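The following exercises concern one protein model. Please study the sequence and the structure before reading each solution.

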Amino acid sequence: MIIFTRHAILKLGQRNISRNLVVKTLNSPDKILPTSENRKAAFKKFRKLYFKVIFRREGGDIIVITQYWTDKIGL
């Protein structure tokens, strides 16, 4: 199951991003990189930009921390 934190939900609204875009990125990422504190970053390219989702795994669940657009893959 994909679970959104309160912060992730807030940022979805502020950045006008759909949950579907987050799910699509997590289900079929172009790249996944480790970050700090047992978190990972999933990247998926859409036209000229990458969509980045920061998440962590808890048991069988994926906890979404935040998400945003970026122009390159990196941390």
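Buried means under 20% relative accessible area, exposed over 50%, and partly exposed in between, with a 1.4 Å probe and protein chains only. The model is predicted: local features need pLDDT of at least 70, side-chain atom pairs count only at pLDDT 80 or more, and totals for chains, interfaces and linings use all residues. Residues are numbered from 1 along each chain as its sequence is written, and side-chain values use heavy atoms, without hydrogens and water.

**Exercise 1.** Determine which residues of helix α1 are buried and which are exposed.

Solution. Helices (H or I, at least four residues) and strands (E, at least two) are DSSP runs, numbered from the N terminus.
- Step 1: In α1, residues 6-14, the buried residues are A8, K11 and L12.
- Step 2: These residues lie on the same side of α1, because they cover an arc of only 110° around the axis, taken from the directions from the helix axis to the C-beta atoms.
- Step 3: R6, G13 and Q14, on the other side of α1, are exposed.

**Exercise 2.** Describe the aromatic pair of F46 and W69.

Solution. Rings of Phe, Tyr and Trp (its six-membered ring) pair if their centres lie within 6.5 Å; planes under 30 degrees apart count as stacked, over 60 as edge-to-face and the rest as tilted.
- Step 1: The centres of F46 and W69 are 5.8 Å apart and the planes stand at 80°, which is edge-to-face.
- Step 2: F46 lies in strand β3 (residues 40-46) and W69 in strand β5, so the pair ties together parts 23 residues apart in sequence.
- Step 3: W69 is partly exposed, with a relative accessible area of 37%.
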